There are 2 protein chains.
Amino acid sequence: MATGRTHRPATRSRGIPEATVARLPLYLRALTALSERSVPTVSSEELATAAGVNSAKLRKDFSYLGSYGTRGVGYDVEYLVYQISRELGLTQDWPVVIVGIGNLGAALANYGGFASRGFRVAALIDADPAMAGKPVAGLPVRHTDELESIITDNDVSIGVIATPAGAAQQVCDRLVAAGVTSILNFAPTVLSVPEGVDVRKVDLSIELQILAFHEQRKAGEETTSAQEPAAAVQPRSGAAVRTPAAGRAAGKGPDGDVPAVMPA
Amino acid sequence: MATGRTHRPATRSRGIPEATVARLPLYLRALTALSERSVPTVSSEELATAAGVNSAKLRKDFSYLGSYGTRGVGYDVEYLVYQISRELGLTQDWPVVIVGIGNLGAALANYGGFASRGFRVAALIDADPAMAGKPVAGLPVRHTDELESIITDNDVSIGVIATPAGAAQQVCDRLVAAGVTSILNFAPTVLSVPEGVDVRKVDLSIELQILAFHEQRKAGEETTSAQEPAAAVQPRSGAAVRTPAAGRAAGKGPDGDVPAVMPA
DNA sequence: TAGATTGTTAATCGATTAACAATC
DNA sequence: TAGATTGTTAATCGATTAACAATC
């Protein structure tokens, strides 16, 4: 029972660091914009600024791909677009399925950024029989019953899960059993997948919580950190210390946003 | 002209590492699930499994918060829920605005995970006059003209941008000018913000591209990496090397998904 | 007490960055 | 050639992990 990992330990084969892989799409996007403006070459400094990183990092990243620049000149935009696309595997077509066609699933289906990068939405799948046949983003929604045949018939290896949290693991299991080996998970749950299956997760709530942390620090600085936790006080006791705030934060409300935890 | 950074250099004040901060919401979610099942205590091993990390990392993370566990026993679930909530700033209310009420914006507005964690959707804002007044997730959509007054009146410090890429920077500028200091950006653009403003970004396409990279490697391994880039060959030349694939990958299509790049 | 589990140490690993020699 | 800019080195920094003493 392998626990869902967000990314692989490290990319051993020919060894491009994971951090570098995660930035390649940023470079690609900036380069694509330059390409559309017919800019022929770009320096590491310019491209780094456009991508929001510093130039040393960019050059180091590119050094893992090969020597694609020209000293004294910079990088050929079109050539680099191709090299990065190839490295990312975007020069081939990736059929994907989206499971769970609620608000988010529909948003994903309509998202234009997929098609232009080699991702083709092979099917939209939902468990609600009332949804079946309804067109979303120009595609008829298919029922979950067809999941396995859709995967097989279209050689789908990438699945997107946009279901409620409660259904995510089950959907994941079916996707994996049918042959999917990469999963992008929008459900707020930790997915368990077998070895060899990659899971990446996007969690809207987590991102906001991280922002809230920093926001709180900012507010604290203004007032010279008056309500600092006071780490020295050590408010330990033993039994359950429950406060009104804890009750709220525990989210007893109708959330439906809780992973199916299974402690050993 | 500060380039948009995804996260701060490091959290100096009282020094909780950024990597730890990013995991606190995972722990909180797992703990909330345990709390709902009325589990009184949990060991680092159990909680780590539920959160999808290893126990050494979890204990190290918690050590930055203080000594909240009991040796030989584990952690009190309710107490830890409260401590982490407080550390993340979730024991207070954070009014947020969502700008751009398309598919994605509507999905975010309907997302249940916000309210239960101290985030309150203060307003939904869209530039389309036809949307104004329409109810989405129980709230009437407000027009962009009202953006500044909404921010001020509701003391909003966190903004969510779900507009098309082309509008994102402008919306960002207005949010910041009106007093927002944390931004969650769903538009596929690098945002420029002044010092002191935090930007986190969620990019659906980037996540898929990272998956494609690993997926390609998997496929390559099966066939003993027959189509490996051949780093030794160095296919350098100088002028624009354009291939059919590069043209496609450059995304000349009707994408609308390109950041407004501004090279120095 | 004996068993269990935390909190911390220290070693290791990976990522970032500045600086500069190589070279177009 | 002189100027510009890459590709790489080496130092630094931050994150992860295993191991275990402290202690409930």
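The side chain of A:His143 reaches the backbone oxygen of A:Ala127 at 3.1 Å, which falls under the heading of a polar contact (a pair of N or O atoms within 3.5 Å; within protein, one must be able to donate a hydrogen and the other to accept it, and residues adjacent in sequence count only if both atoms are side-chain atoms). This is a predicted model, in which local features need pLDDT of at least 70 and side-chain atom pairs count only at pLDDT 80 or more, while totals for chains, interfaces and linings use all residues. Residues are numbered from 1 along each chain as its sequence is written, chains are lettered from A and ligands numbered from 1 in the order in which they are written, and side-chain values use heavy atoms, with hydrogens and water left out.

A:His143 belongs to strand S7 (residues 139–143) of chain A; helices (H or I, at least four residues) and strands (E, at least two) are DSSP runs, numbered from the N terminus. With a relative accessible area of 19%, A:His143 is buried, a word that stands for under 20% relative accessible area, whereas exposed stands for over 50% and partly exposed for what is in between (1.4 Å probe, protein chains only). Leaving aside residues up to four places away in sequence, A:His143 touches A:Ile125, A:Asp126, A:Ala127, A:Asp128, A:Pro129 and A:Ala132, where contact means heavy atoms within 4.5 Å.

**Helix H3 of chain A**

In helix H3 (residues 55–65) of chain A, the buried residues are A:Ser55, A:Leu58, A:Asp61, A:Phe62 and A:Leu65. Seen down the axis of H3(A), these buried residues fall within an arc of 120°, so they line one face of the helix; the arc is that of the directions from the helix axis to the C-beta atoms. They pack against helix H1 (18–36), helix H2 (44–51), strand S3 (74–76) and helix H4 (77–88) of chain A.

Of the atoms of DNA strand C within 4 Å of the protein, 63% belong to sugar or phosphate and the rest to bases. H3(A) gives the most to the surface near DNA strand C, with four residues.

DNA strand D also has 26 residues around it, and A:Ser44, A:Gly69, A:Tyr75, B:Arg23 and B:Arg71 come nearest. Sugar and phosphate account for 63% of the atoms of DNA strand D that come within 4 Å of the protein. By class, the surface near DNA strand D has six nonpolar, 11 polar and nine charged residues, where Ala, Val, Leu, Ile, Met, Phe, Trp, Tyr, Cys and Pro count as nonpolar, Asp, Glu, Lys and Arg as charged, and the others, Gly among them, as polar.

| Residue | DNA atom | Distance |
|---|---|---|
| A:Arg71 | base nitrogen of DNA strand C | 2.9 Å |
| B:Arg71 | base oxygen of DNA strand C | 3.0 Å |
| B:Tyr75 | phosphate oxygen of DNA strand C | 2.8 Å |
| A:Ser44 | phosphate oxygen of DNA strand D | 2.5 Å |
| A:Arg71 | base oxygen of DNA strand D | 3.0 Å |
| B:Asn54 | phosphate oxygen of DNA strand D | 2.9 Å |

**Aromatic pairs**

Over all chains, a search of the whole structure finds eight aromatic pairs. Rings of Phe, Tyr and Trp (its six-membered ring) pair if their centres lie within 6.5 Å, and planes under 30 degrees apart count as stacked, over 60 as edge-to-face and the rest as tilted. The rings of A:Tyr111 and A:Phe114 have centres 4.9 Å apart and planes at 80°, so this pair is edge-to-face. A:Tyr111 is buried, with a relative accessible area of 18%, and A:Phe114 is buried too, with a value of 3%.

In chain B, the rings of B:Tyr68 and B:Tyr79 have centres 5.6 Å apart and planes at 85°, so they also form an edge-to-face pair. B:Tyr68 lies in the loop between H3 and strand S2 (69–70) of chain B and B:Tyr79 in helix H4 (residues 77–88) of chain B, so the pair ties together parts that are 11 residues apart in sequence. Both B:Tyr68 and B:Tyr79 are buried. Elsewhere, ring pairs link A:Tyr27, A:Phe62 and A:Tyr75 into a cluster.

Terms used
A residue is near a molecule or strand if one of its heavy atoms lies within 4 Å of it.
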